[in-house]
Amino acid sequence: KLQFLYFIEQTTSPMDAQLAEVRRMHRERAEKQRQQEKEQVNDPAKPAPKKGKVIGGKYFANPPNQIGMKEYEELINKYQRIQVQKGSHLKRFELDETAANLFQSYLRRMDFGLMRAAILYGTVNDGVVSCHCCYEPEQVGSPHGYTFSDDKLLPKVDKIAKLLGYQRVGMLVSYRSTSPEDPILTASEVILAAEQQALHGDHACLIQLRIVDEGGSSSAEFHAYQASRQCTDIWKEGILSPHPEDPKLVCSERDMEAVQKQTTGAKMGMVSKEPTRSVDSVLFTVNVPITSIKAPIGNGFVRISRPGEMPPDWSNVKNFLSNPERASKPFVEQIADFHLLIFLAAKCFDDTDMTHLIQAILSKDHVAISGFETLIKSGCGLQ
C-alpha cells in the first residue's frame, strides 16, 4: 500500500550552496558589526548601525541589497511539504431534492449534450452544509464544458439569498464520463473547488452531477467533493492551472516532487519520484458524504435563463400560483420560492421592496404581504 506525499521544491544542491553563502555573509556581517561597535565607543559622533535587516539580496546582488527577516526565513524554509488529505472535516453535504431534480431533468431534456453549472446557497451548522437553493448564472455550455458570461442579475440573487439567511456553499457542475479511465474530478473541477473554498470558506463544496454513458444508456448521480487544504493554499498563490491536453492533470508553475511512503512489504521507507509540474487531480480530491433534503424555501419556479427554453414571464407566475396544491395555501407560503423571488426582483421590485417582501415571507406576516399580493396577482392576471 502506498501513501503519497508531496514536496514543492526547486533543487537541492543550489539551495545548500545558497544557505551556506547566506550563513557566511551573516558571520562576516556580525564580525563587521562588532568592529563598528568597538569603533563607535571611541567615536560617539558616528551613527549607530541599523538593525532589523539582513544583508543578502534576493538572493545575492552586487553590491548586496537589504532583505527583511521574513524574506530570509522564506529562503531558509524553501521546502513546503504537502500531504494528501485523507478525509473532509465536514460531516456531510445536504442537497435540496427539488433543485437537484430540476437541474438533472433539464440536462436530460438536452440529452446530456450540454454541460452546466450552478451556484449553491444554504447554511452551515456543526460540520453539516445544507444547500437550500441554487442559481444558474449566465453561461455558454457545450458537450465538453461551460464558460461563465457576465451576469448582471447575480448581485440581486446574492442579496436575495442573504436576506433569506443563506450564504454561498459551493458549486454544482455536470460532467459526462465516457470511459472508466475518466478522472473522478477533472483538473478544472479541482481548481474550481479550491477557488470556492478560498473565496467563500472551507465549508464550500463542489457537487458533481456525473453522467455515465454505459451500454447505450446514460445514468446520473450526484457526488460531493472538496479540494484538499494544501491544494487550496497553493491556488491562493495563483500558480495552478489545468493541463492543456490531459484533463486529469493539475499543472503548477513550480516543481512538485512526489514521495511515496512504503508502508507494507519487505522494503520500508521513502521512494522519491522525479520532480514534476503536473499532478493527478485525484491526489487533490477529498470526498464528502452527500444526502438529499427538502429545503424550507421552494425551488419549483421556472429558471430565469436556460439555453433552448423561453425565459419566464407573467403567464408562468399565473400558472405557478394557480397550481391547485399551491393555491390552497396562504399567499405568504405560495410565494416562498427562490426562483419566483428572482423573477420578481428582475421584473418589478427594487432592493427595498425585496427586503420587505422577504421579511414578510420569513415572519409569515399576512398583513405585510397583502400589498405585494395585490400587485403580483394584478401583474399576472389573477386579480
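Reader: How many disulfides does a search of the whole structure find?

Author: The search of the whole structure finds zero disulfides, a disulfide being a pair of cysteine sulfur atoms within 2.5 Å. This is a predicted model, in which local features need pLDDT of at least 70 and side-chain atom pairs count only at pLDDT 80 or more, while totals for chains, interfaces and linings use all residues. Residues are numbered from 1 along each chain as its sequence is written, and side-chain values use heavy atoms, with hydrogens and water left out.

C133 is in no disulfide: the nearest cysteine sulfur belongs to C131 and is 6.4 Å away. C133 is buried at a relative accessible area of 0%, and C231 is also buried, at 0%. Buried here means under 20% relative accessible area, exposed over 50%, and partly exposed in between, with a 1.4 Å probe and protein chains only. Of the 383 residues in the protein chain, 41% are buried.

Next comes the sheet. The protein chain has 12 helices and 18 strands; these are DSSP runs numbered from the N terminus, helices being H or I with at least four residues and strands E with at least two. Eight of the strands form an open sheet with mixed pairing, in the order β17-β12-β11-β10-β6-β7-β5-β18. Two strands pair if DSSP finds at least two bridges between them. The edge strands, each pairing on one side only, are β17 (285–288) and β18 (290–293). From one strand to the next, the twist averages 35°.

Helix α10 (residues 338–347) lies across β6 (117–125) and β7 (128–135) and runs at about 45° to β7. Contact means heavy atoms within 4.5 Å. Axes are lines fitted to C-alpha atoms, for helices over the stretch in contact, and angles run from 0 to 180 degrees between N-to-C directions.

Helix α10 also meets α7 (residues 314–322): their axes come within 12 Å and cross at roughly 145°. The crossing is left-handed; this holds if the near helix is turned anticlockwise from the far one by less than a right angle, whereas clockwise is right-handed. W314, V317, F320 and L321 in α7 meet L340, F343 and L344 in α10.
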